[in-house]
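Thanks for making the time this morning.

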Amino acid sequence: MTAATATDSMSIVNLAARQRMLSQRMILQTVLAASGENGKLQAAQTSFQLFCESQKVLVESTSADEASARLIRDTYNGPRGVGAIIEQFMRQMRTTLQYIETGAASLAQGALDTLVASTDTVLEALNTATTTFDRITRGKAELLMKELTSIVSDIQTVAREAKMVSFNAQIMAARAGEHGREFSVVANVLSGITGEIDGLSRKAMDLAVRNQATA
């Protein structure tokens, strides 16, 4: 799986959460690369590429509703936005990796010191972004739950009305005697169908409640 494919396959909130882990991994890999440990420079470059791709997806993510899109823009680019902090971290990481790759030891050490010093600041910024996406995801889940509850309620209302029709039809069929036999069969079938609908609607509601509880 390529970095781009991995990025595309993740939900936005998981993508935002992963950025925190990637930032710490990149710094550790870069420290090890600066000390000359084999394979760590390439590992740091791969992690950095993944981080940059994910960040682009997050910043450019669109939402079905304007309120969520505005919240994302404010989180990154508002007066107290974290976008500038993350972008500065990415520039510092890029510069540090370039110095290590070209063998500029003194420049690499200075850049690395600056990078390591920014750890807490960038982690706090990434936490802020993750919180925003989590709020949006939970808000959409709650809205979906309300819509589902309303639909199930409507189905249950129709099922109750159909049961009443079936019950009345059975009474009429009984009164009609021999002439109401076929009508009675139809009424019984309708009663069975409404019972199944009622059972399925309850299962749907139970499932929705369980999913909300584990979200």
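This is a predicted model: local features need pLDDT of at least 70, side-chain atom pairs count only at pLDDT 80 or more; totals for chains, interfaces and linings use all residues.

Residues are numbered from 1 along each chain as its sequence is written, and side-chain values use heavy atoms, with hydrogens and water left out.

The secondary structure comes to eight helices and zero strands, where helices (H or I, at least four residues) and strands (E, at least two) are DSSP runs numbered from the N terminus. Of the 215 residues in the chain, 32% are buried, and here buried means under 20% relative accessible area and exposed over 50%, with partly exposed in between, using a 1.4 Å probe and protein chains only. Taking a contact as heavy atoms within 4.5 Å, we find that 71% of the contacts between residues at least 6 apart in sequence join residues at least 24 apart.

Let me turn to helix H6, residues 105-117. Its 13 residues should span 18 Å at 1.5 Å a residue, and this agrees with its end C-alpha atoms, which are 18 Å apart; the expected span is 1.5 Å times one less than the number of residues. Which residues of H6 are buried? They are Ala 108, Ala 111, Leu 112 and Leu 115, and because they cover an arc of only 105 degrees around the axis, they lie on the same side of H6, the arc being that of the directions from the helix axis to the C-beta atoms. On the other side of H6, Ser 106 and Ala 117 are exposed. The cover over the buried residues of H6 includes helix H2 (12-34), helix H5 (83-102) and helix H7 (119-176).

Within helix H5 we find Gln 92, which counts as buried because its relative accessibility is 15%. Leaving aside residues up to four places away in sequence, Gln 92 touches Ala 111, Thr 114 and Leu 115.

Finally, H5 also meets helix H3 (residues 40-59): their axes come within 11 Å and cross at roughly 155 degrees, where axes are lines fitted to C-alpha atoms, for helices over the stretch in contact, and angles run from 0 to 180 degrees between N-to-C directions. That makes H3 roughly antiparallel to H5, a term used for angles over 145 degrees. Among the residues that meet there are Phe 48 and Phe 51 in H3, and Phe 89 and Met 93 in H5.

Terms used. Angles under 35 degrees count as roughly parallel, over 145 as roughly antiparallel, 65 to 115 as roughly perpendicular and the rest as oblique.
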